[in-house]
There are 2 protein chains.
Amino acid sequence: MAYPKPSAALLARLSERLGPAGFSVDPADLAPWLTDWRRRLTGSAAALVSPANADDAAFVVALAAAEGVAIVPQGGNSSMVAGATPAGIGGDGEGEGGGGGRALLVSMRRMRTIRSVSPQDNAVIAEAGVVLADLHAAVEAQARRFPLSLAAKGNATVGGLISTNAGGTQVLRFGPMRSLVLGVEAVLPDGSMLRGLAPLRKDNRGYDLKQLLIGGEGTLGLITAATLRLVPAIGARAVAWIGLRSADDALALLRRLEDALGEAVESFELVPAEGLALVLRHIPDTRAPLADSHVWNVLVEAVSPSGGEPIEARLEAVLADAIERGFAADATIAASEAQADALWKLRESMSEAEARDGIAAKHDITVPVADMPAFMARAADAVIARFPGARPIAFGHLGDGNVHFNVRAPAGGDGKAWFAAHAAPVSRFVHGLVTQAGGSMSAEHGIGRLKRADFLDLVDPVRLAAMLAIKDAVDPKGIMNPGALLPLAEERRRP
Amino acid sequence: MAYPKPSAALLARLSERLGPAGFSVDPADLAPWLTDWRRRLTGSAAALVSPANADDAAFVVALAAAEGVAIVPQGGNSSMVAGATPAGIGGDGEGEGGGGGRALLVSMRRMRTIRSVSPQDNAVIAEAGVVLADLHAAVEAQARRFPLSLAAKGNATVGGLISTNAGGTQVLRFGPMRSLVLGVEAVLPDGSMLRGLAPLRKDNRGYDLKQLLIGGEGTLGLITAATLRLVPAIGARAVAWIGLRSADDALALLRRLEDALGEAVESFELVPAEGLALVLRHIPDTRAPLADSHVWNVLVEAVSPSGGEPIEARLEAVLADAIERGFAADATIAASEAQADALWKLRESMSEAEARDGIAAKHDITVPVADMPAFMARAADAVIARFPGARPIAFGHLGDGNVHFNVRAPAGGDGKAWFAAHAAPVSRFVHGLVTQAGGSMSAEHGIGRLKRADFLDLVDPVRLAAMLAIKDAVDPKGIMNPGALLPLAEERRRP
């Protein structure tokens, strides 16, 4: 099914309602938003539509629904899987950009009001277009913290973070976005408003519909605002860098830290020796945190509440004990905030250092935490055997059983040519390995458009059938974000 | 639509597959399970069917689906809202009990295997019929804790706890059941198996289908097993009883405790002076914890991890400061486990003491935490004005914004007659008040059959339409737990 182009009458009504700040068909206005974050896909759209409030958003969806016109919701356009790019919608001239496409690209960036911060309720109500960094600042001003952070915090918006069930560096303690959403306001695909912003901690009135919108990748509705859970501001933090002899030792260390420090442990990030070397080589102003090189390194952050005992001495005691017992080789604790930031910079520069070193097929995978050390080794061996010369590297959120398992082009050759020829089969191979191991081919990035083919290849048919039944029930015309996550109509006709 | 009776052939196939331990039409076998926990409804069923494993469960559902026969899933039969009672299914002779009804009462109580406990993954895989108390014991043997507990723990099963998104006394720290479910295995209404037990901390492969089964009250599928999150065993706990001058002071105390102790605060339970008096009057071996009586009392439990500093001194410091600043009147900290248990007994005996004092219309309501002190006062006044002589009392999980707001019959009269005449209108009135205040008429008990009428009266039509669309998509024949949560077919025909 090709989606219809919006009628001239529809575009006129949008233009009239939203005005020049909220409606454009000018290719120059559209161009910046038609290519995905990783520059893998460029699409096209009939218009860029930017509602200023929830009523406007409902108006847009209702008009589109009446004509069966496709809607692609977009927040900060920082999807790692092209989940917010209007590409692949039947009948579009792909790669041409600008107006003339069939979808309405609905940008939520104008809806950036923080409607309320309630320290008493430990809750904030933020509109979909609020940028994560702005949200952090707004609640910190009230001695509260929104405990989810990630590299794209200067771009990622509340609506996008919810629609992708974003993760980040504090999932170990606080869970992903799903754990932090108390309520959602959204426009359903027929234009009706689902209103649920009351900051309730418990509500057992039947199906928790917001759970479908969380991680739904914009395919079931357009989120306009959300109520998010806050926690008290941190009192003190302690950041340590630990050198290890094996990934198994990393797991033993994690469980020891949790037993001793409870939920004070917020981050447990794994960096291999090779990853640290890449960072030290490519990223300015970095230096090795320990005297020797270690096969594996872990960055740990632990925090204490504002009125509590500082956590540093307790962390130090656990690490000393771990070295004594032999499951840590060496460790250092940051003596200042500047040192703590420097340690974090080593971890957070991994992706950039890797990118500077050459092109790679990237995977965001998870298996059960206890299985990850063995899986990383097994998967690396299997990739090298199948794709000679390829160089796998794994790093990231070991505490969640989630690593970024990236496969770099062979050293010295033409990386781009290798990538063009091998990236897709490498990814399909890695996604197959992780699925066989009972894991997930998407831990935190979602499926979007870039991983749709592999997902549809590997998904349990029972699960896909249930997802499609729900999609068809909630969005019978299939107008919401077609081509992301789920098959396009023509793909569903396949046997 | 009246549901058909299962054919003789269907019953014969069930009997053959499940054997005498898993199949009965003997009224004596069925009788104990046909009346709900609160003895408000008695239904009937064609057979009691008890699968021994997931394949059996899928066999049962597939057979029922083929004939369109209704299934009522049941765990410990401890629903507070008759969610697991086969009553009201079109064509049944209600109240007659035994065989001869139309539904299959599918008891999950034979599926009580704990398939695995993994301390490394902080996860347990338990079948649907595992009783909560048994689950606690099994994971404690591995130095882990399943941090959800409630009064019915000797009866409530894993499947029922998930289907009702159960709460309890530790929601403040760990959230309700939804926060603790990592994976679910379930039979969908067409008999297909949804397999998702891998203990993954992150998985963003599209719609999180288990979220619909959690709190779905058995209307979308039959849960056969689940993977549940564990946390390290407690090191030490401190339990305090605090006397307060106002409910507002209780909130101020809660936020102060959270700021100072972080997530160490696990429970924050409210007991009014009148509630404590009822307990002291009706429950043997109880004594007043403080010298004077206080308008409001709060029970606080705070814990520390096994290797951490004991929490008692820190809790004591916060309470001393609260008394100094004037938002606590008096406080005592248990000096032993026996004293801690004695304080908890005061809180946990509230329902029993109230029941011994006379009959009451019970409500399980929530509003935003910060609004609860004012709401309790306003709602009590409104109830008394509308139903002269009625005696409201509120107690419970103030930290979650959730209280049990019960309305007792006027003193001295015929309680049962009052209840028969007024309980339904009182409940409808209270549910209306809480809905108007942006709250929920079911914080943790669910809707079931007892609250269905009020729920359908008060629910946002957009929300109900979406719920029905999902129900019809996943269970097109409407065989799963008809009459719980959602309208029966004949009720849906109303305009």
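This is a predicted model: local features need pLDDT of at least 70, side-chain atom pairs count only at pLDDT 80 or more; totals for chains, interfaces and linings use all residues.
**Salt bridges, interface and a helix pair**

Trainee: Which residue forms a salt bridge with A:Glu127?

Mentor: A:Glu127 sits in strand β6 (residues 123–127) of chain A, and its partner is in strand β5 (residues 114–118) of chain A, twelve residues apart. The closest N and O atoms of the pair are 3.1 Å apart. The partner is A:Arg115.

Trainee: How many salt bridges does the rule find across the interface of chain B and chain A?

Mentor: One of the pairs between these chains joins A:Asp400 and B:Lys202, N to O at 3.2 Å. Across the interface of chain B and chain A, the rule finds eight.

Trainee: What is the area buried between chain B and chain A?

Mentor: The contact involves 83 residues of chain B and 83 residues of chain A. Carbon and sulfur atoms give 56% of the buried area. The total is about 6,600 Å².

Trainee: Which residues in chain B lose the most area to chain A?

Mentor: Three residues together account for 16% of what the chain B side buries. One of them, B:Lys202, also meets A:Asp400 in a salt bridge. The three are B:Lys202, B:Asn204 and B:Tyr207.

Trainee: How many residue pairs are in polar contact between chain B and chain A, and which element gives the largest share of the chain B side?

Mentor: The count is 33 residue pairs in polar contact. Elements of chain B that each supply at least two residues include α8 (247–261) and α16 (461–474). The largest share is nine residues, and it comes from α16(B).

Trainee: What is the handedness of the crossing of α13(A) and α14(A)?

Mentor: The axes of α13 (residues 372–386) and α14 (residues 415–436) of chain A come within 11 Å and cross at roughly 145°. Among the residues that meet are A:Phe375 and A:Arg386 in α13(A), and A:Phe429 and A:Leu433 in α14(A). The contact residues divide into eight nonpolar, no polar and one charged. The crossing is right-handed.

Definitions and conventions. Residues are numbered from 1 along each chain as its sequence is written. Chains are lettered from A and ligands numbered from 1 in the order in which they are written. Side-chain values use heavy atoms; hydrogens and water are left out. Contact means heavy atoms within 4.5 Å. Buried area is the accessible area (1.4 Å probe) that two parts lose on being put together, summed over both. A salt bridge is a side-chain nitrogen of Lys or Arg within 4 Å of a carboxyl oxygen of Asp or Glu. A polar contact is a pair of N or O atoms within 3.5 Å; within protein, one must be able to donate a hydrogen and the other to accept it, and residues adjacent in sequence count only if both atoms are side-chain atoms. Helices (H or I, at least four residues) and strands (E, at least two) are DSSP runs, numbered from the N terminus. Axes are lines fitted to C-alpha atoms, for helices over the stretch in contact, and angles run from 0 to 180 degrees between N-to-C directions. A crossing is left-handed if the near helix is turned anticlockwise from the far one by less than a right angle, and right-handed if clockwise. Ala, Val, Leu, Ile, Met, Phe, Trp, Tyr, Cys and Pro count as nonpolar, Asp, Glu, Lys and Arg as charged, and the others, Gly among them, as polar.
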